[in-house]
Amino acid sequence: MKNHVLWESSLFELIRRTSVDLPCDIEQGLRRACKTEKKASRARWVLETLLENVQKARDNDAPLCQDTGSLIFYFQVPVGFDTNALASATRLAVARATRLGYLRQNTIDSVSGSACATNVAYGAPTFYFEQCARGTVDVRLLMKGGGCENVGKQYSLPDESLGGGRDLEGVRRCVLDAVVSAQGNGCAPGILGVCIGGDRATGYECSKSQFLRKLDDKSSVKILARLEDRLLKESKVLEIGPMGLGGSTALLGLKIGSMSRVPASFFVTVSYMCWAFRRRGAVLTIRGGFKKWLY
Amino acid sequence: MALLKPRRLEYPFTPEQVGSLRAGQFVLVSGLVYTARDRIHKYFFDGGKSPVDLKNAALYHCGPVVIRKDSDWVVRAAGPTTSIREEPYLPRIVKDHGVRVIIGKGSMGKVTEGACKAGGCVYLHAVGGAAQVLAEKVVSVKGLYFGEEFGLAEAMWVLELKDFPAIVAIDSRGHNLLRRIKSASLRMGRKLMKSFDPFIP
C-alpha cells in the first residue's frame with residue numbers, strides 16, 4: 001500500500017473524532033429523553049450533565065469518557081485490497097492517538113498485568129475485514145468501554161428461571177432480564193444490541209454489530225421491529241432511569257438482529273453500549289484520502 | 001421529586017459532616033481525593049501499605065486520562081468507574097485505613113452497606129461517562145503514586161476537587177438508594193413476564 005502517511009492521518013482523525021464527538025443521532029436521543037424526565041429530578045440532572053459533557057468534549061477536543069474502551073474497527077475494502085498494510089496503518093494511528101491523550105493507556109497484559117503504552121498489542125485493536133465490490137474503503141469504529149462491556153449477557157433457551165422457551169417470547173424475557181440485571185451499571189441510558197441465534201462467539205459479534213445501525217432506524221424484519229418497539233417501551237416502566245438513579249430512561253435504543261443456529265442451540269446474546277456511544281465511520285479513497293463521514 | 005439544595009462536603013471529611021448525609025441527597029465535594037481502582041484495592045486488601053494517610057479521606061474510583069505537559073500533569077478526562085468490582089475489598093480497606101468517603105458509580109450491595117455502617121462512611125454516586133464535566137472539577141493534580149507499578153490508569157492520583165457533584169447512594173446508616181430502585185425494577189420485571197401478554201408473531 002502506497003501512501004502510509006495519508007492512511008495513518010485519515011484513521012487518526014477517525015479515532016480522534018470518535019473519542020471526542022458524540023454522533024448526532026445519539027445526542028438527539030439524549031435531548032429527547034431529557035424532555036421526558038421530570039424537572040428537578042435526579043434523572044433530569046443526569047441527562048443534563050451528559051448533554052453538557054457532550055458539548056464540553058467537543059469544545060475541549062478531549063475524550064467524552066475517560067474509559068476510551070476497546071477499539072473495534074470494521075473495514076469494507078475492495079476485492080484484493082492489502083488488509084495487512086491497512087491494519088499496520090491503523091495501529092500507528094492508535095499509538096499516536098494514545099500519545100496525544102485521545103485514548104487512555106487502556107490495554108493490559110492479562111498474564112503479567114502490565115499496561116501497554118500504545119494500545120497496540122495482541123488482540124488490540126480488533127479488526128473485521130470484509131471485501132466488497134466497490135472502489136472505496138468504508139471504515140467504522142466502535143469504542144466500547146469496560147463498564148458497559150461487563151454487563152453484556154448471553155442466554156441459552158429454554159431458560160427455566162425466566163420461563164423462556166425457544167420463541168420470540170423467550171427472547172423478550174431474556175432482554176427484559178438483561179435490562180434489569182444491568183441497572184445503571186453500564187452507564188444508562190444505553191443502547192442494547194441483541195442477537196438471536198449464532199454460536200457463543202458469533203452471537204456477541206452480531207449483537208455488537210447492531211451498534212453500527214442508526215439510533216432511529218428499525219429492523220427491516222417486521223416482526224423484529226415490533227419486538228424492538230415493545231421492549232423499548234417496556235424498559236421505561238422498569239423505573240431504572242439514567243445511571244440507575246430512577247426515572248423512565250433506562251435505554252435510548254434497542255436493536256435486534258438474528259443469525260442462523262444449529263438445531264441444538266438457541267442463544268440470545270445481549271450487548272450493552274453506554275450513553276457515551278462512540279461510533280463513527282468514514283468512506284476513504286483507495287489511497288487513504290477522506291471522502292465523507294458515515295455518521 | 002425535587003433535588004434538594006446541594007450539601008457541601010469538604011476535606012478532611014469528618015465523621016460529623018459525613019454522618020449527617022442521607023441517601024438521595026445531592027452533594028458538592030471539595031478538597032483532596034485519592035483515585036483508587038482495581039489494582040490499588042487488591043493491593044490494600046492484601047495488606048499493602050498506603051503512601052498517604054487515608055484517615056477521613058476519600059477514595060475516588062477513577063482511572064483518568066492524564067498526559068504530561070512539560071513538568072505538569074494535565075487531566076484530559078476523568079470520571080468515575082464502576083464501583084461494584086471493588087466491593088469485596090472495601091470493608092477491610094475502610095476499616096484498616098479509616099476511609100470516610102467512597103466516590104464511584106453504579107449500584108453496590110450489602111457488603112458496602114455494611115462497610116459504610118461500620119465505618120461511618122458514605123458511598124457517593126457520580127455521573128458515569130461525564131469525563132469532561134467532572135474533569136473540570138479537578139482543580140489540580142497534587143501527586144502520583146504507583147504510576148510505574150500499576151500504570152497511569154490504575155495509579156493513585158492525588159486530585160484536588162472543587163464542587164464535584166454527586167448523589168449520596170449509601171449513607172452512614174447503611175441506607176441504599178440504588179437498592180430500593182433495583183428491588184422495584186425487579187418486581188416490575190417479573191410482573192411484565194407474568195402478566196401473560198406474550199410476544200406472538
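The model is predicted.

## Chain B as a whole

Chain B has seven helices and nine strands. Its radius of gyration is 18 Å, close to the 17 Å that the globule rule gives for 201 residues, so chain B is as compact as a globular protein of that length. Along the principal axes, the C-alpha atoms of chain B fill a box of roughly 65 × 45 × 40 Å.

How much of chain B is buried? Of its 201 residues, 49% count as buried. Now take the contacts in chain B with a separation of 6 or more. Residues 24 or more positions apart account for 64% of them.

## Where chain B meets chain A

The two chains touch. On one side are 42 residues of chain B, and on the other are 54 residues of chain A. Four elements of chain B give two or more residues each to its side of the contact: strand 4 (65-69), strand 5 (72-77), helix 5 (131-135) and helix 7 (177-194). Helix 7 of chain B gives the most, with ten residues.

What classes of residue make up this side of chain B? There are 26 nonpolar residues, 13 polar and three charged.

## A five-stranded sheet in chain A

Chain A holds an open sheet of five strands. Their order is 4-1-5-10-11, and the pairing is mixed. Strand 4 (126-132) and strand 11 (290-293) of chain A are the edge strands, and each pairs on one side only. Ignoring direction, neighbouring strands of this sheet are turned by 20° against each other on average.

Strand 10 (residues 278-284) and strand 11 of chain A pair in the antiparallel sense over three bridges. There, A:A282 stands opposite A:W293, a residue of strand 11 of chain A.

## A four-stranded sheet in chain A

Another open sheet of chain A has four strands, in the order 6-9-7-8, with mixed pairing. Which strands stand at its edges? They are strand 6 (153-156) and strand 8 of chain A. Each has a single partner strand, so one side of each is left without a neighbour in the sheet.

Strand 6 of chain A runs antiparallel to strand 9 (residues 267-273) of chain A, and four bridges join them. A:K153 stands opposite A:V270 in strand 9 of chain A. Helix 7 (residues 200-209) of chain A lies across strand 6, strand 7 (190-196), strand 8 and strand 9 of chain A. Its direction is at about 40° to strand 9 of chain A.

## Two helices side by side

Two packed helices are described by the angle between their axes and the distance between the axes. For helix 6 (residues 168-182) and helix 8 of chain A, the axes come within 11 Å and cross at roughly 35°. The crossing is right-handed.

From helix 6 of chain A come A:L168, A:R172, A:V175, A:L176 and A:V179. They meet A:L227, A:L231, A:E234 and A:S235 in helix 8 of chain A. By class, the residues of this contact are six nonpolar, one polar and two charged.

A:L252 is in strand 8 of chain A. Is A:L252 buried or exposed? A:L252 has 24 other C-beta atoms within 10 Å, and 20 or more count as buried, so A:L252 is buried. Leaving out residues up to four places away in sequence, A:L252 touches several others, among them A:I26, A:L30, A:I191 and A:W275. A:P189 is also on that list. A:P189 and A:L252 are 63 residues apart in sequence, yet their C-alpha atoms are 5.7 Å apart in space.

A:G247 sits in the loop between helix 8 (222-237) and strand 8 (251-258) of chain A. A:G247 is buried too, with 28 other C-beta atoms within 10 Å. Beyond its neighbours within four places in sequence, A:G247 is in contact with residues including A:E37, A:S41, A:A43 and A:P242. A:A43 lies 204 residues from A:G247 along the chain, but 5.5 Å separates their C-alpha atoms.

Definitions and conventions. Residues numbered from 1 in each chain as written. Chains lettered and ligands numbered in written order. Predicted model: local features only at pLDDT ≥ 70, side-chain atom pairs only at ≥ 80, totals over all residues. Rg over C-alpha atoms; globule rule 2.2 N^0.38 Å. Buried ≥ 20, exposed ≤ 12 C-beta atoms within 10 Å, placed from the backbone. Contact = placed C-beta atoms within 7 Å. Nonpolar A, V, L, I, M, F, W, Y, C, P; charged D, E, K, R; others polar. Pairing = 2+ DSSP bridges. Axes fitted to C-alpha atoms, helices over the stretch in contact; angles between N-to-C directions. Left-handed = near helix turned anticlockwise from the far one by under 90°.
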